[in-house]
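Here's a quick briefing to read alongside the sequence and the 3D view. Have both open, and we'll go through the topics one by one.

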Amino acid sequence: MNIFFVLNGKALKNVILILIAAFFTAWFLYIENMAQIPVFSTKEGSKAIYRGEKDLALTFNIGWGDEKAEPILDTLKKENVKSATFFLAGSWAERHPDIVTRIVKDGYEIGILGYDYVDYQDSEDGQIAKDISKAQESFKKLNVKEIKLLRAPTGHFDERTLKIAKRYGYTVVHWKIDSKDWQNPGVGKIVENVKKADKGDIILLHASDSANQTAKALPLILADIRQKGLKLVSVSEMIANGEVQSKEIR
């Protein structure tokens with residue numbers, strides 16, 4: 001017995017469109033998920049940290065500007081926050097030695113955000129090394145010692161960056177939670193973005209002048225963290241307190 005299936009042309013077209021839509025939906029979800037964990041380790045052991053095993057780390061990038069860093073520091077002091085990590089561009093630090101001194105005096109950790117706003121992924125090896133070296137010299141002149149952490153200025157990096165950073169004695173630090181505060185999406189949206197944070201996460205915030213809403217969002221972010229019962233630590237403390245996670249890059 002022969003059995004034949006007859007599909008109406010219009011119905012077949014609809015099925016094909018549904019399958020195509022399902023494929024692209026799955027693809028976009030995959031890409032979005034991958035974008036949440038863009039951190040890596042090499043086979044040689046170089047690695048970028050994006051989260052730890054427990055506690056929570058607030059990190060602030062400062063690459064330029066004169067007005068937003070101190071209000072952030074004022075808020076942290078008012079909220080009695082004892083641990084945070086500031087990634088500072090060497091060029092900015094040179095122009096604001098008084099704020100750098102305050103960050104250290106307030107007990108916060110300093111990491112390097114390169115020297116200039118250079119995309120390491122698009123740079124030659126020599127350019128990456130030069131940028132890190134210039135930043136290193138800047139902090140030596142400012143008497144900021146024992147810096148062990150580095151963050152790529154634009155957040156983009158590859159295996160070469162990890163190897164060069166390791167050669168200079170730095171661990172590359174990325175993040176798990178992006179507040180997107182630099183987009184100035186509104187205080188409520190920044191708080192909502194950070195509410196996803198859970199134990200072990202590293203949170204990205206900014207204290208550059210482009211982030212106009214961070215200081216207002218910060219008390220609400222801290223209130224949510226306290227409600228969850230999470231302890232704030234520096235990135236170095238997070239690394240020391242347990243296992244950290246990374247992904248392999250080739």
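A search of the whole structure turns up 1 cavity of 30 Å³ or more. Here a cavity is a set of points, on a 1 Å grid over the protein atoms alone, where a 1.4 Å probe fits but cannot get out. Keep in mind that this is a predicted model: local features need pLDDT of at least 70, side-chain atom pairs count only at pLDDT 80 or more, and totals for chains, interfaces and linings use all residues. Residues are numbered from 1 along each chain as its sequence is written, and side-chain values use heavy atoms, with hydrogens and water left out.

**The cavity**

- The largest cavity has a volume of about 40 Å³, where volume is the space filled by probe spheres set on the grid points, joined across faces, edges and corners.
- Its lining is made up of Leu56, Val191, Val194, Lys195, Ala197, Ile221, Asp224, Ile225 and Lys228; a lining residue has an atom within 4 Å of a point.
- Helix H7 (187-194) and helix H8 (214-227) each put at least two residues into the lining of the largest cavity, and H8 gives the largest share, with 3 residues.
- Helices here are DSSP runs (H or I) of at least four residues and strands are runs (E) of at least two, numbered from the N terminus.
- Sorted by class, the lining of the largest cavity has 6 nonpolar, no polar and 3 charged residues.
- In that count, Ala, Val, Leu, Ile, Met, Phe, Trp, Tyr, Cys and Pro are nonpolar, Asp, Glu, Lys and Arg are charged, and the others, Gly among them, are polar.

**The whole protein**

- The protein has 9 helices and 8 strands.
- Of its 250 residues, 47% count as buried (under 20% relative accessible area with a 1.4 Å probe and protein chains only; exposed is over 50%, and partly exposed is in between).
- Among contacts with a separation of 6 or more, 81% are between residues 24 or more positions apart; contact means heavy atoms within 4.5 Å.
- The accessible surface comes to about 13800 Å², and 53% of that belongs to carbon and sulfur atoms (Shrake-Rupley method, 1.4 Å probe).

**Helix H4 and its surroundings**

- Ile99, Val100, Arg102 and Ile103 are the buried residues to look for in helix H4 (residues 97-105).
- Looking down the axis of H4, those buried residues fall within an arc of 160°, so they line one face of the helix; the arc is taken from the directions between the helix axis and the C-beta atoms.
- Turned away from that buried side, the other face of H4 carries the exposed residues Asp98, Thr101 and Lys105.
- The cover over the buried residues of H4 includes helix H2 (69-78), strand E3 (85-88), H3 and strand E4 (109-112).
- After H4 comes Gly107, with a positive phi near 90°.
- Over in helix H3 (residues 90-95) you'll find Ser91, which counts as buried at 10% relative accessibility.
- Leaving out neighbours within four places in sequence, Ser91 is in contact with Tyr115 and Asp116.

**Helix H6**

- The buried residues of H6 are Glu159, Thr161, Leu162, Ile164 and Ala165.
- Those buried residues of H6 pack against E1, helix H5 (125-141) and strand E6 (171-173).
- Lys163 also sits in H6 (residues 159-167), and with a relative accessible area of 37% Lys163 is partly exposed.
- Lys163 and Asp125 are 38 residues apart along the chain, and their C-alpha atoms are separated by 9.9 Å.
- Gly169 follows H6 and has a positive phi, near 90°.

**Loop residues**

- Most residues other than glycine have a negative phi.
- Asp55 has a positive phi, near 65°, and lies in the loop between strand E1 (48-49) and strand E2 (57-62).
- At 14% relative accessibility, Asp55 counts as buried.
- Asn184 also has a positive phi, about 50°, and its place is in the loop between strand E7 (177-178) and H7.
- Asn184 is partly exposed, at a relative accessible area of 25%.
- Asp66, in the loop between E2 and H2, counts as exposed at 57% relative accessibility.
- Not counting residues up to four places away in sequence, Asp66 touches His96 and Asp209.
- The C-alpha atoms of Asp66 and His96 are separated by 8.1 Å, with the two residues 30 apart along the chain.

Technical notes: 1 Å grid on protein atoms, 1.4 Å probe; cavity = no way out; pocket = protein on both sides within 12 Å on 5 of 7 lines; lining within 4 Å.
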